[in-house]
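Have a look at the model first, then read on.

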Amino acid sequence: MAGLKLQPKRKERLGDQLYGQILEQIVSGALQEGDKLPSEKELCLMFEVSRPVVREAMMLLQADGLVVARQGSGTYVQRRPPQGLITLAGASDVAGMLRCYELRVPLEGEAAALAAKRRSPEQLDRIKAALDDLTRAFENPASAAAADFAFHRAVAEASGNDMFVSILETLHAAVENSMTLALNIAAEGSAERGRRVLDEHGRIYEAIAIGDSDAANLAMRYHINRARQRITEQQQDA
């Protein structure tokens, strides 16, 4: 790690780049679970970046459960993500994907709650059709991601508030990229993991179908949080 130099790239934040390079070290095993990371000052010198950049990267790594800060002791590797996290996506892109999940939790949770109250029979049919498409496409992550996005878009449409659809469309590329990554990792794992992904979507649909807004909100939030966790955890049956 001491020999690495941060290579700034256009349109990439330095904090995300540093996050990505430390992530690569953790995924590759160069940094093992329980290993202590270099100090903030040492990281500044290694990567030739400022303290705010290092602090931002450390904050993001902690938020994602990859490292843990122990007061008076330092920062330690807490969890090693699956290899697919950096072989299926650029390491410096991962931080942005995980932030996208954070935004989606409250946004899509509320959209699902409103959909349970406001959806028309036709809108419910579109959600079910998207769920069926996702089920059929699940073995092919490339096409499954498009079907997954169509499901979430159909829920947003059923909310009766076009702003949910507009925001989701603005995030379309980031959302579909993160879905592709999550589905690829799920496909590389156990059959049980794949079944759970589909079950999560099914629970969202069922809650909307019976008009239970609280259950729809909870099911959507649970699904997005679990999708986010699946791309950073090693266990293949979670």
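A pocket here is an open set of points on a 1 Å grid over the protein atoms alone, with protein on both sides within 12 Å along at least five of seven lines, while a cavity is a set of points where a 1.4 Å probe fits but cannot get out; lining residues have an atom within 4 Å of a point. Points are joined across faces, edges and corners, and a volume is the space filled by probe spheres set on them. The largest pocket comes out at about 220 Å³.

This is a predicted model, so local features need pLDDT of at least 70 and side-chain atom pairs count only at pLDDT 80 or more, while totals for chains, interfaces and linings use all residues. Residues are numbered from 1 along each chain as its sequence is written, and side-chain values use heavy atoms, with hydrogens and water left out.

**Largest pocket**
- Of its 14 lining residues, Pro38, Ser39, Glu40, Met58 and Thr75 are the closest to the centre.
- Helix H2 (40-47), helix H3 (51-63) and strand S2 (74-77) each give two or more residues to the lining; helices (H or I, at least four residues) and strands (E, at least two) are DSSP runs, numbered from the N terminus.
- H3 has the largest share of this lining, five residues.

**Second largest pocket**
- This one has a volume of about 160 Å³.
- Its lining is Asp93, Gly96, Met97, Cys100, Leu171, Ala173, Ala174 and Asn177.
- Helix H5 (91-118) and helix H9 (172-188) each give two or more of those residues, and H5 gives the most, with four.

**Cavity**
- How many cavities of 30 Å³ or more does the structure hold? There is one, and about 100 Å³ of space lies in the largest cavity.
- Among the residues lining the largest cavity are Tyr101, Arg104, Asp148, His201, His223 and Arg230.
- H5, H9, helix H10 (191-209) and helix H11 (213-230) each supply at least two lining residues.

**Nonpolar cores**
- A nonpolar core is a set of buried Ala, Val, Leu, Ile, Met, Phe, Trp, Tyr and Cys residues joined through side-chain atoms within 4.5 Å, where buried means under 20% relative accessible area (1.4 Å probe, protein chains only).
- The largest core has 52 residues, and Leu18, Tyr19, Ile127, Phe151, Val155 and Ile208 have the most contacts inside it.
- H5 gives the most to this core, with nine residues.
- Apart from it lies another core of 22 residues, including Ala156, Leu171, Val175 and Ala186.

Methods. Buried means under 20% relative accessible area, exposed over 50%, partly exposed in between (1.4 Å probe, protein chains only).
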